[in-house]
Amino acid sequence: MAATSKNQAANVPRGTRIRGKWNKQSYQVIKKLGNGALGTVYLADSNRGNVAIKVGIDSMSITSEVNVLKQLSMVQGTVLGPFFYEVDDWEMNGRCYPFYVMEYINGEPLFSFIERRGKEWLGILMLQLLRDLGALHREGWVFGDLKPDNLLVEGSPPTIRWLDVGGTTGMGRSVKEFTEFFDRGYWGLGTRVAEPSYDLFSAAMVMINAAYPQRFERPKKDSELFLLNKIEKSPLLNAYKPILKKALKGSYQNASEMRQELFSLLQGVKSVASNRSPTSSKSRVKSRQKRQKPKKQKRSGWIETVLLFAFILFFYTLYLVGHVF
Amino acid sequence: MKKGTLRQILLITDGCSNQGEDPVAMAALAREHGMTVNVIGVLDENERTDSGLKEIENIALSGGGIHQLVYARQLSHTVQMVTRKAMTQTIQGFIHKELQSILGAEKEIEDLPPDKRGQVVEVVDELGETMDLEVLIMIDTSASMQHKLPTVEDALLDLSISLHSRIGQNEYALYAFPGKRKQVEQLMDWTPQMKDIHTIFPKLSSGGITPTGPALKEAIEAYQKKRSKRGLLEDGGYFEESGS
Ligand SMILES: Nc1ncnc2c1ncn2[C@@H]1O[C@H](COP(=O)(O)OP(=O)(O)OP(=O)(O)O)[C@@H](O)[C@H]1O
Ligand SMILES: [Mg+2]
């Protein structure tokens, strides 16, 4: 397929002015945010302030993403994906590059956030993700390519946001784009029909990925057993075992069912905390100490720390739920 | 627009042909028959061959399809992606023609204002999802491919998962070249379910010749046989129009 080396839009230098052929809006490139198979995303300055611009080569795939973003931006109340601003063409050196402009999400990658702030955030951010997925599903869409690369944590209070609607597919169709590790088809545990359970499987795999940053390959057979084994071997995942198991099996009809059960699990966090082996808790405290600079924290204070977490988590969850219901 | 059937030939190979008709010519012939020829080149992990590359590219080019070089490890994801892209491309080509008849010659989708392109893409998406699809898979089983065959099998099962998740119907046929006695051998006749392929695969025997051209010729004949069996009208286009 098209050689990427010829694609000048993949390396636009800082300061370049991208001017739309049709709408005549102009944007000044600040930096490259990332690139993928279908295009390159830049942070740019405009009269709207900072925006993210995705510049592609193939106008069909850019248009396809624009179709989704436009519809998601029309959904009232919830923010599903980056807000869409406009779509245009950029003519440069005799070539025409389609691009679209969207909200810049100034966030931190999911796993780096969890690493920095503590593992207890995994469950909380998943609650948020499941709420958003529920809303997306009710609008008739399935996210499809759900993976940590497409999840950012933004602002305060920390809120999970998703990017890259390239895989977002209408309910009942075949998922447009996916990544093997998060795809139930790859694991032999289901079809690629876009339905809520497809995303819920991926959400479970995102959690598993949090415990196994290196990921792993599928076995020749019995992948369900294999995955359950991975869950059991991880102290982090063991706390979520009941919901992970059901999500992998495809037993949840919708996101709010899974969310409800995750919520109950998190409420019982005290028992989760006391079930934890001292070693894992200790190492958690250690890593906290490293981050927080040498405070005068007693070694033996880990029990208090765990209890404190439990409390904060409990109230934060209440706070979240207060917002939703 | 009437729904129809998309016809693809998917060639999985790792190198140069060395026997029989020119595969590039056979690909061009297939295209005349309304099929598209897509080629996936399977490389070894530390292989840097440019020899087979040109042929792979040319077959796809004259067959109106797409080609992709890939390491065996990534084959699964690639096979379903190439098949999907090829479908989209074929449909786009067709819609492109329709567009030209509406907008006048020399009009490309890119000439439409971006806001209007959305509808075109929706139509392409809709057709890609709902049209029926026939895929004839042609596997190179020459000696150098032998150790890659288990991966090919995985990739085909993966392809069937993707295709069966579509709304449209699918049919597959599976051929290998060189065959045991003949240049080309049918492994599986047209069937809507690609299952039990692991029962066929271990039986493959690999030889030294690579008759890619004759394999493509056989693929064209297989399609024609299928058509006449069904007694459907031939239209020579990309779509077999069904209904009245
Ligand atoms: N709205 C946004 N705000 C901030 N960063 C963004 C935004 N959109 C994309 N990015 C960054 O750019 C990267 C690439 O974007 P995106 O995932 O949309 O590209 P892609 O071509 O679809 O890639 P792939 O399909 O390979 O995942 C993202 O991983 C992210 O880091
Ligand atoms: Mg992405």
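A network of salt bridges links B:R7, B:E134, B:E171 and B:K226; a salt bridge here is a side-chain nitrogen of Lys or Arg within 4 Å of a carboxyl oxygen of Asp or Glu. Over all chains, a search of the whole structure finds 25 salt bridges. The model is predicted, so local features need pLDDT of at least 70 and side-chain atom pairs count only at pLDDT 80 or more, whereas totals for chains, interfaces and linings use all residues. Residues are numbered from 1 along each chain as its sequence is written, chains are lettered from A and ligands numbered from 1 in the order in which they are written, and side-chain values use heavy atoms, with hydrogens and water left out.

**Salt bridges in chain A**

- Side chains of opposite charge can pair when their charged atoms come close.
- A:R116 and A:E108 meet through their side chains in a salt bridge, at 2.7 Å from N to O.
- Of these two residues, A:R116 is partly exposed at a relative accessible area of 41%, while A:E108 is buried at 18%; buried means under 20% relative accessible area, exposed over 50%, and partly exposed in between, with a 1.4 Å probe and protein chains only.
- A salt bridge also joins A:E115 to A:K119, with 3.7 Å between the closest N and O atoms.
- A:E115 counts as exposed at 54% relative accessibility, and A:K119 counts as partly exposed at 30%.
- In the salt bridge of A:D183 with A:R192, the closest N and O atoms are 2.8 Å apart, and both A:D183 and A:R192 are buried.

**Charged surface patches**

- Patches are made of residues with over 30% relative accessible area and no salt bridge, like charges being joined within 9 Å and nonpolar side chains (Val, Leu, Ile, Met, Phe, Trp, Tyr) within 5 Å.
- Lys and Arg count as positive and Asp and Glu as negative, with His and the chain ends not counted; the place of a charge is taken as NZ of Lys, CZ of Arg, CG of Asp or CD of Glu.
- A patch of negative charge on the surface gathers A:D58, B:E108, B:E110 and B:D111.
- B:K180, B:R181, B:K182, B:K225 and B:K229 form a positive surface patch.
- B:R181 sits in the loop between β5 (170-177) and β6 (185-191) of chain B and counts as exposed at 78% relative accessibility.

**Backbone geometry**

- Most residues other than glycine have a negative phi, and most peptide bonds are trans.
- The peptide bond between B:F177 and B:P178 is cis, with omega about -5°, and B:P178 lies in the loop between β5 and β6 of chain B.
- A cis peptide bond also runs from A:S156 to A:P157, with omega near 0°; A:P157 belongs to the loop between β9 (151-154) and β10 (159-162) of chain A.
- A:K24, a residue other than glycine, has a positive phi near 60°; A:K24 is in the loop between β1 (17-19) and β2 (26-35) of chain A and is partly exposed at 49% relative accessibility.
- A:N93, which is not a glycine, has a positive phi of about 50°; A:N93 is in the loop between β5 (84-92) and β6 (95-103) of chain A and counts as exposed at 61% relative accessibility.

**Surroundings of A:M207**

- A:M207 belongs to helix α4 (residues 196-211) of chain A and is buried, with a relative accessible area of 0%.
- Not counting residues up to four places away in sequence, A:M207 touches A:L122, A:M126, A:L237, A:Y240 and A:L244; contact means heavy atoms within 4.5 Å.
- The C-alpha atoms of A:M207 and A:L244 are separated by 8.3 Å, with the two residues 37 apart along the chain.

**Chain totals**

- Chain A has eleven helices and eleven strands; helices (H or I, at least four residues) and strands (E, at least two) are DSSP runs, numbered from the N terminus.
- Buried residues account for 51% of the 325 residues in chain A.
- Chain B contains seven helices and six strands, and 52% of its 244 residues count as buried.

Methods: Accessible areas come from the Shrake-Rupley method with a 1.4 Å probe; for residues, only the protein chains shown count as cover.
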